[in-house]
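Me: I would like to learn how to read the main features of a structure such as this one. Please take them in turn, with the general idea before the case.

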Amino acid sequence: MESEDNTLDELLGDIAGLINQYPIALERHAAFIHATGKDPELAEKLVKAADTMRDSGNLYLTWAKHYAAMAKGNTDASSGEDETDDFDI
């Protein structure tokens, strides 16, 4: 059982890292597009998409943590903690 718990923790770490990096990558790409003057409208859309992905990623990660806690036998898996710091919100 401990092996499964470790797997869940490792996957949560991977998910959190990817969810955090994705909006950053979108913003970098938007900055590149803006700097080259190629498509300002697309750059603006990508910046808004980064904000949306950051918000939805926070929600996704909160649920993932909740289910991981349940899988570990924590029946009171809702911690009430504010997860927004995980994503610089």
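Reply: Helices (H or I, at least four residues) and strands (E, at least two) are DSSP runs, numbered from the N terminus. The protein here has two helices and zero strands. This is a predicted model, in which local features need pLDDT of at least 70 and side-chain atom pairs count only at pLDDT 80 or more, while totals for chains, interfaces and linings use all residues. Residues are numbered from 1 along each chain as its sequence is written, and side-chain values use heavy atoms, with hydrogens and water left out.

Me: At what angle do H1 and H2 pack?

Reply: Axes are lines fitted to C-alpha atoms, for helices over the stretch in contact, and angles run from 0 to 180 degrees between N-to-C directions. Helix H1 covers residues 2–36 and helix H2 residues 40–71; their axes are 8 Å apart and the angle is about 175 degrees. H1 and H2 are therefore roughly antiparallel (angle over 145 degrees). The residues of this contact comprise 23 nonpolar (Ala, Val, Leu, Ile, Met, Phe, Trp, Tyr, Cys and Pro), four charged (Asp, Glu, Lys and Arg) and three polar (the others, Gly among them).

Me: Which residues form the largest nonpolar core?

Reply: A nonpolar core is a set of buried Ala, Val, Leu, Ile, Met, Phe, Trp, Tyr and Cys residues joined through side-chain atoms within 4.5 Å. Buried means under 20% relative accessible area, exposed over 50%, partly exposed in between (1.4 Å probe, protein chains only). The largest core has six residues, namely Leu 26, Ala 30, Ile 33, Ala 43, Leu 46 and Ala 50. At least two of its residues come from each of H1 and H2. A second, separate core has five residues, including Leu 12, Leu 61, Ala 64 and Ala 68.

Me: What does Ile 33 touch?

Reply: Contact means heavy atoms within 4.5 Å. Leaving aside residues up to four places away in sequence, Ile 33 touches Lys 38, Asp 39, Leu 42, Ala 43 and Leu 46.

Me: How accessible are Thr 7 and His 29?

Reply: Thr 7 lies in helix H1 and counts as partly exposed because its relative accessibility is 40%. Its C-alpha is 9.9 Å from that of Ala 68, across 61 residues of sequence. His 29, also placed in helix H1, has 45% relative accessibility and so counts as partly exposed. Of the 89 residues of the protein, 22% are buried.

Notes:
Parallel < 35°, antiparallel > 145°, perpendicular 65-115°, else oblique.
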